Amino acid sequence: MATIREIAELAQVSTATVSRVLNNDPTLSTSAETKERVFAIAEQLGYKPQRLRRQKQEMQRAAADIGLLFWATADEENNDPYFKAVRRGIEVQCEALGLTIGKVIRGDHFAAIAEAASLDGLLVVGSIEASDVLEAYPHPDRVVFVNNGEDMHDYDTVHLNFEGAIQSAYEHLVQLGHERIAFIGGIDRIRSLRQPQQLRQIEEYRYRAYERMRSKHGHSFEGVEWVDDWSSQGGYEAMKRLLARSIQPTACIVASDHMAVGALRALHEADISVPAQMSIIGFNDIELAAFVMPPLTTIHAYTELLGKTAVDMLVERLEGREAPKQVKIGTTFVERESCHAISKE
């Protein structure tokens, strides 16, 4: 593709003059002959100004038809702040870039095959089997996986930096003197489009990070409880199981704020003071986290940015990027009042 420098050399003028001529700068003082020569050389070389290239890209984006593939139902999406935030980020960025969301497909193999065929790109939100997705939409260079529970190096992926988040939480508790640090986690599963009832359980990112930190600090205390549905009720029941152990933790990292709210209720019922007797850290920084008693120390997750970033990555692919890219979105540790230094008595 021709450049302004090449035009300037052939026209025997400066690059600044070429730029001003091609942009029809009314303040430019140069002869009509020079202007004609610049335009003629630009046309001969097939030069297209940056603004024209941008206009072409915008027109191509406006014509592109992208789809969203969720494993969650519409009701699950509406009731889950995570899915709502990701969806909002996708819609906001699509509107900003002039992209059209043509179809929303929900966890059905036959619907995915039928509806995805005509799409120019696909955003997959949640943990769905990659092989099922690519059977329905066999264009791996035009698919972005958002917060898939597995490491995938051959495809475009974007997810939260769970490892860094849990490291920050664990180190904070260590600095406060805690060694018996428990973990309440949600069970993560990969969904299949072909066989929706067959869910493949995987080791969740947050738990892996917790185990690495426990090993790093040489902590022998083992206190892990699992929640099947990531709910407040699940967090409540998990904390009751922790409290029933012969040796109780002095701190607990909980994989979601909703579960942490339930855990706080269990501690209140057991007359265990937070944070004097038990420190609690949640994850997500939902609105309620700042209003429970005590206000919950948590990790702010930029879930809307997940959606925006996924759209940007898909646009890069549509505009020619060849190599797959994996992106981690950072988090912010939010210190409130649910953590306290351990007593050395």
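## Loop residues with positive phi

D285 is found in the loop between β11 and β12, where helices (H or I, at least four residues) and strands (E, at least two) are DSSP runs numbered from the N terminus. Although D285 is not a glycine, its phi is positive, at about 60°. D285 is buried, with a relative accessible area of 18%; buried means under 20% relative accessible area, exposed means over 50%, and partly exposed lies in between, with a 1.4 Å probe and protein chains only.

This is a predicted model, in which local features need pLDDT of at least 70 and side-chain atom pairs count only at pLDDT 80 or more, while totals for chains, interfaces and linings use all residues. Residues are numbered from 1 along each chain as its sequence is written, and side-chain values use heavy atoms, with hydrogens and water left out.

N147 also has a positive phi, of about 55°, although it is not a glycine. N147 sits in the loop between β4 (143-146) and β5 (156-160), and it is buried, with a relative accessible area of 13%.

## Cis peptide bonds

The peptide bond from V274 to P275 is cis, with omega near 10°, and P275 has its place in the loop between α12 (257-269) and β11 (279-281). The peptide bond from M293 to P294 is likewise cis, with omega near -5°; P294 lies in the loop between β11 and β12 (298-301).

## The four-stranded sheet

Four strands form an open sheet in the order β9-β6-β10-β11, with parallel pairing, where two strands pair if DSSP finds at least two bridges between them. The edges are taken by β9 (224-227) and β11, each of which has a single partner strand, so one side of each is left without a neighbour in the sheet. From one strand to the next, the twist averages 20°. Strand β6 (residues 181-186) and β9 run parallel and are joined by four bridges, and within β9 the bridge partner of G185 is W226.

Helix α9 (residues 162-175) packs on the sheet and touches β6, β10 (251-254) and β11, its direction making about 170° with that of β10. Axes are lines fitted to C-alpha atoms, for helices over the stretch in contact, and angles run from 0 to 180 degrees between N-to-C directions. Helix α12 lies across β6, β9, β10 and β11, and runs at about 130° to β6.

## A buried glutamate in a loop

E204 is found in the loop between β8 (200-202) and α10 (205-216). E204 is buried, with a relative accessible area of 3%. When residues up to four places away in sequence are not counted, E204 touches G186, D188 and W230, contact meaning heavy atoms within 4.5 Å.

## Packing of α1 and α2

Helix α1 (residues 4-11) packs against helix α2 (residues 15-22) at an angle of about 105°, with their axes 8 Å apart. That makes α1 roughly perpendicular to α2, given that angles under 35 degrees count as roughly parallel, over 145 as roughly antiparallel, 65 to 115 as roughly perpendicular and the rest as oblique.

From α1, the residues I4, R5, I7 and A8 meet T15, V18, S19 and L22 of α2. The residues of this contact divide into five nonpolar, two polar and one charged, where Ala, Val, Leu, Ile, Met, Phe, Trp, Tyr, Cys and Pro count as nonpolar, Asp, Glu, Lys and Arg as charged, and the others, Gly among them, as polar.
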